Amino acid sequence: MSAESSLPECGVARFITLLDGPWATLIVRELLHGPHRFTELRAALPGISPHTLTSRLRQFERHGIVVRTAYAEIPPRVEYRLTPLGEGLRAVLDTMAAWAETVPDGEPTVTA
C-alpha cells in the first residue's frame, strides 16, 4: 500500500483521515439521501470547488465508501452513491448532529 493510501491504525485517526475537512462530511450527508450526479452535489454544496469535490469522491471510491456508476447514454450520465460501508456513516452523522444541537449559541458562560 502506498504512503498516500495507507490509513492510520487508530480508529479515530482513520476516521479523520477519511473524512478530513468539512466538505467530506457534507458530501456524505448529501449522498445519504440517495444517488447524486456531480452537478447535483455541487448545487447542494455551495462554495465547493469542482477540484475538491472530484478529489473527495475519488478518495471515497478508493476506500470503498462511494461507488461511481457511468451510464452509456447520450449525454453521458454518472452517479455517485454510498456503498454499505458508506451507509454506515449515517449513525455517525446522526450522532454528530444530535450532539451539535446540545451546544448553546453565543458566548460560553464561565462560572467561578
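**Ground rules.** I am working from a predicted model, in which local features need pLDDT of at least 70 and side-chain atom pairs count only at pLDDT 80 or more, while totals for chains, interfaces and linings use all residues. Residues are numbered from 1 along each chain as its sequence is written, and side-chain values use heavy atoms, with hydrogens and water left out.

**Helix 2 and helix 4.** I looked up how helix 2 and helix 4 (residues 50-62) cross, and found their axes (lines fitted to C-alpha atoms over the stretch in contact, with angles from 0 to 180 degrees between N-to-C directions) within 10 Å and at roughly 70°. That makes helix 2 roughly perpendicular to helix 4, a term that covers 65 to 115 degrees. For contacts (heavy atoms within 4.5 Å), I noted Trp-23, Ala-24, Ile-27, Val-28 and Leu-31 in helix 2 meeting Thr-52, Leu-53, Arg-56, Leu-57 and Phe-60 in helix 4.

**Helix 2 and helix 6.** I then turned to helix 2 (residues 22-31) and helix 6 (residues 89-100), which pack at an angle of about 115° with their axes 11 Å apart. Here Thr-25, Val-28 and Arg-29 in helix 2 meet Leu-89, Leu-93 and Met-96 in helix 6.

**Peptide bond.** I checked the bond that joins Ile-74 and Pro-75 and found it cis, with omega about -5°; Pro-75 lies in the loop between strand 2 (66-71) and strand 3 (77-82). I note for comparison that most peptide bonds are trans.

**Rings.** I searched for aromatic pairs (ring centres of Phe, Tyr and Trp, the last by its six-membered ring, within 6.5 Å) and the structure holds zero. I did find the charged end of Arg-77 over the ring of Tyr-71, 3.8 Å from its centre, where "over" requires CZ of Arg within 6 Å of the ring centre and within 35 degrees of the ring normal.

Key. Helix = DSSP H or I, 4+ residues; strand = E, 2+ residues; numbered from the N terminus. Phe/Tyr/Trp six-rings, centres within 6.5 Å; stacked < 30°, edge-to-face > 60°. Parallel < 35°, antiparallel > 145°, perpendicular 65-115°, else oblique.
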